[in-house]
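Keep the sequence and the coordinates open.

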Amino acid sequence: MYRQPYEYYNFRLFGQNALGNVSTFINFHHYANIIPASPINITVVDKTESSVMLRWSVGTMTNFPRELIHKIEYKSQWDSNPEYWQSINISDTCSSPIWFNKTNIFLDNMKCQERDDEFYYFNVTDLKYPFTHYDFRIYVRSSLARGEDKWSPPGSIILKTKPSIPRRPPRTDIGSFECIKSAIDQTKRDVFIYWQKIDDSEKCGDSFEYRAYYILNTTQNETTIHYSNEIYENYAKFQGLNTSVGYNFTVYSSNNEGLSTEYSTIYVPSESEILEKPIFLTKMVFDQQGVFELSWKSNSTTKSSTSDELNYYTVFWCENVKGLPYQCNGYVNWTHVPGSEFRYNVTILNYNANNHYQFAISANSRRLLSNESNPLNNFNSSGMVWESCTIQNNITARKIENVWVNVIGSTFIGLKWNIDCTDRIGLVGEYQIFYCTVVSKTSNICNGSMLSKTMSREAAQKEGGFTLLTNLKPYTTYIVSIAISTNYGKGIHSDPLLVTTLGLGGGWYFKQEYPKIIQQIMKHNLYF
C-alpha cells in the first residue's frame, strides 16, 4: 500500500539461484523523488511595462511536509531564438537571484517568493519589452530533489506587459535629406527628411507614429511649429520651403503614451550654403545576391579633408517592394565612406530577392574644431542623390544601342550614339568603330580589310557620342559598327549600318541638326 506521508521507504530484495542466495537493502528517499502535478490557477495580480506579479497554487502539494522549489521560465514575442527561455529558480528562502539557461544544472541559490495558505506569489522584474506578449511557464519540485528530471509538467499563462512611451527616436544622418526645387518658383523647394525606422519591439504602445517638424521665430518673437505636410514610415515631406533659409528639423517617435524622451535632428542648409552633390551614382549588381558595387564622381568643388575639417560621403540603401522612380518607404541603412573614395561595395544582410534596393549618396563636411556659439555651423551636407544608373556586372555582354548616321559627305561619315550611364563611371575604357567597304550596296561582306578607329571614353563624352570617319571614297557603300572595350573585355558589336557616301561635289547631307558636326568638319578641312 502506497503511503504518502512516509519520507523514506525501506526495501529488501532477495535473489536465489543454484549457486546460493543474496539480499540487498534499499533505503528509498520518497520526498526526494516525488514528481508533483502542474501548478494550477495561474493568474496575473499586477503588472507594469517591465514587471508582472504572478499568483499560482500547487493543489494537493500545498500540504507537502517539505519546502517546494519553483522555477519560472519566460520568453517574449520578440526573442529571436524560439527555443531559448529565460529562467529563474525561487523558494521560500530569500537569496540572491540566479539566472541560467534551461540546460544548466540546478543551482542552490534562489530568489525568494511570497505565499499564503493557498497561493504562491512572485514578482518577475526587469522584463525587457513594454507592450509585449510574454509566455510564462511555472514548474515545481521538492526541495530535496536533485536533477532536471524531477520537475513537474509546467503550468502556463500568456500575458502582455503595459505600454510605455517609445524607447527612442528614429536614427538620422547628417545627409539624410533631399531637396527638390520648385519648377514654377525657384525660390521654393520641397524637402524630404529620411530616417531609419525603429524596430517593432521599440514602439512600446498603440497608435505608433513619427512626428517631424521645424520651428520658426516670427518678427513678433513668437515661436511657430510647422509639422510635415506628409509623413510615412521612413520619411516626411515639407512643401514650399524657402531656398534662402536653413531649417533645423526635429523627429520624435510617438504613441498613445506620449513622445520619446530623446529626439533626432537634421539640419538642411540654405541653397547658398548647401554642399555640391556627388554625380553619376551608379549601382552594379553582381550575380551573388545581396552584393552591390557603387561608384560615383565628386563635384569639381568637393574639397579634401583638412586638419580642422572632415569631408566624407554617406552611402544610403533602402529596401522597397518597388524600384525607382517609386519613393522608397522601407528600411533605410547607411555607412560613412572617406572623401577620397569613389567606389564602395555593399553587402546586404538578410537580402530579400523579391524586393528592390535603392541607393543614394550625400557629400558631408564636419568641423573638427566645434563652433560652440552656433553648433549648426559645424555640419554641412549636400543631401541625398539617388542612383541614376543600374547595370549588371556582365557589362561585356552589352552592345551599344541607337547608333545612327547624322551627317554624310563625299569623303566622310558622321556617327552618333547615346552615351550609356555605364560609360561615364570608368567601366568603358574606349570605343572602337569598325568600318569597311562592301561588295555591294545590299551586302554585309567586306570588300577588303576591316578598318577601325579608337576613341577614348573622355573624348566620346566631350563630343557627346559623336565621331567622324574620314578619308573615305566618294559614292561608296560602307558597313559600320561600334563596340565598347571595358575593364572586363571587349563588348558586342552594335547592329551594322550600311552607309553610302555622296558623290564628288555633293556637299554635306545632315540627318540631324548638331552644331558640333560643323566644328568637326571644319577641323578636318572637309569642304566637299
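A disulfide is a pair of cysteine sulfur atoms within 2.5 Å. The model used here is predicted.

**Exercise 1.** State how many disulfides the structure holds. Then assign the link of C436 and C446 a hand.

Solution. 
- Step 1. The count is two disulfides.
- Step 2. Take C436 and C446: their sulfur atoms are 1.9 Å apart, and they form a disulfide.
- Step 3. The S-S torsion of this pair is about -75°, so the link is left-handed.
- Step 4. C436 sits in strand β32 (residues 428-437). C446 sits in the loop between β32 and β33 (451-456), with the two cysteines 10 residues apart.

**Exercise 2.** Classify C436, C446, C179 and C204 as buried, partly exposed or exposed.

Solution. 
- Step 1. Set the cut-offs: buried is under 20% relative accessible area, exposed is over 50%, and partly exposed is in between.
- Step 2. C436 has 1% relative accessibility, so it is buried.
- Step 3. C446 has a relative accessible area of 23%, so it is partly exposed.
- Step 4. C179, at 13%, counts as buried.
- Step 5. C204, at 3%, is buried.
- Step 6. For the pair of Exercise 2, C318 and C328 are both buried.

Key: Residues are numbered from 1 along each chain as its sequence is written. This is a predicted model: local features need pLDDT of at least 70, side-chain atom pairs count only at pLDDT 80 or more; totals for chains, interfaces and linings use all residues. Side-chain values use heavy atoms; hydrogens and water are left out. Buried means under 20% relative accessible area, exposed over 50%, partly exposed in between (1.4 Å probe, protein chains only). Helices (H or I, at least four residues) and strands (E, at least two) are DSSP runs, numbered from the N terminus.
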